Amino acid sequence: ELLKNEKRGVLSVIGDEGYPYGMPMNHFYNPDDGCIYFHCGNIGHRLDALRENNKVSFCTYNSGVRPEGDWAFLVKSVIVFGTIEIVDDMDQIVDITTKLSLKFIQDMEHIQDEINRAAHRTLLLKLTPEHICGKLVKEA
């Protein structure tokens with residue numbers, strides 16, 4: 001549910017000199033193939049790092065719920081470990097970015113305009129999960 005409903009999380013790659021490099025990303029969980037998709041530009045440090053090592057982790061979490069009479073929130077999180085494939089197929093980019101956009105806005109005309117304007121310089125990152133774990137934490 002978190003992968004499906006939350007709008008963003010942190011994608012971490014293995015960056016320069018083996019340092020982790022995490023960045024907030026919007027994501028789309030595709031129940032048809034069980035993969036998680038991100039859109040990105042076609043240049044940058046993230047892509048350079050992924051071309052060197054495609055192993056990643058992705059973490060998303062909810063804003064939490066505070067039980068009545070308690071000060072601490074209960075927060076759910078999920079971490080996905082897997083590998084990233086860079087997708088440059090335009091049909092798949094249009095399909096997935098449309099579905100991702102619908103998490104934020106229901107205006108199809110606006111979505112189509114944005115895709116027409118930017119799809120030619122957009123790539124998809126397809127995260128194929130190898131291990132998924134979740135947690136419920138009481139903040140303390």
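Before you click anything, a word on the elements: helices (H or I, at least four residues) and strands (E, at least two) are DSSP runs, numbered from the N terminus. This is a predicted model, where local features need pLDDT of at least 70 and side-chain atom pairs count only at pLDDT 80 or more, while totals for chains, interfaces and linings use all residues. Residues are numbered from 1 along each chain as its sequence is written, and side-chain values use heavy atoms, with hydrogens and water left out.

**Stop 1: the whole thing**

Show the protein as a cartoon. You'll find 4 helices and 7 strands, and from the N terminus on they run α-β-β-β-β-α-β-β-α-α-β. The C-alpha trace spans about 50 × 45 × 25 Å along its principal axes. Now colour by accessibility. Buried means under 20% relative accessible area, exposed means over 50%, and partly exposed is in between (1.4 Å probe, protein chains only). Of the 140 residues, 35% count as buried.

**Stop 2: strands side by side**

Select strand 6 (residues 74–87) and strand 7 (residues 122–138). Two strands pair if DSSP finds at least two bridges between them; here 14 bridges join strand 6 to strand 7, and the two run antiparallel. To see one of those bridges, pick Leu 74, whose partner in strand 7 is Lys 138.

While you're in strand 6, click Val 80, which lies there. Is Val 80 buried or exposed? Its relative accessible area is 0%, so Val 80 is buried. Next, draw a distance from the C-alpha of Val 80 to that of Gln 92: they are 12 residues apart along the chain and separated by 22 Å.

**Stop 3: strand 5 and its two faces**

Select strand 5 next. Val 56, Phe 58 and Thr 60 make up its covered face, while Lys 55, Ser 57, Cys 59 and Tyr 61 make up the uncovered one. Strand 5 is joined to strand 6 by 7 bridges, running antiparallel, and Lys 55 has Thr 83 in strand 6 as its bridge partner. Strand 1 joins strand 5 too, with 3 bridges and again antiparallel; look for Val 10, whose partner in strand 5 is Cys 59.

**Stop 4: two rings**

A pair of aromatic rings is described by the distance of the centres and the angle of the planes. Rings of Phe, Tyr and Trp (its six-membered ring) pair if their centres lie within 6.5 Å; planes under 30 degrees apart count as stacked, over 60 as edge-to-face and the rest as tilted. How many aromatic pairs does that rule give? The count comes to 1. Show the side chains of Phe 38 and Phe 58: the ring centres are 5.0 Å apart and the planes are at 70°, so the pair is edge-to-face. It links distant parts of the chain, with Phe 38 in strand 4 (residues 35–41) and Phe 58 in strand 5 (residues 55–61), 20 residues apart. Phe 38 counts as buried, at 0% relative accessibility, and Phe 58 counts as buried at 0% as well.

**Stop 5**

Zoom in on Thr 97, which sits in helix 3. At 10% relative accessibility, Thr 97 counts as buried.

**Stop 6: out on the loops**

Finish with Glu 17, in the loop between strand 1 (8–14) and strand 2 (20–26). Most residues other than glycine have a negative phi. Phi of Glu 17, though, is near 55°, a positive value. With a relative accessible area of 78%, Glu 17 is exposed.

Ser 63 is exposed, at 69% relative accessible area.
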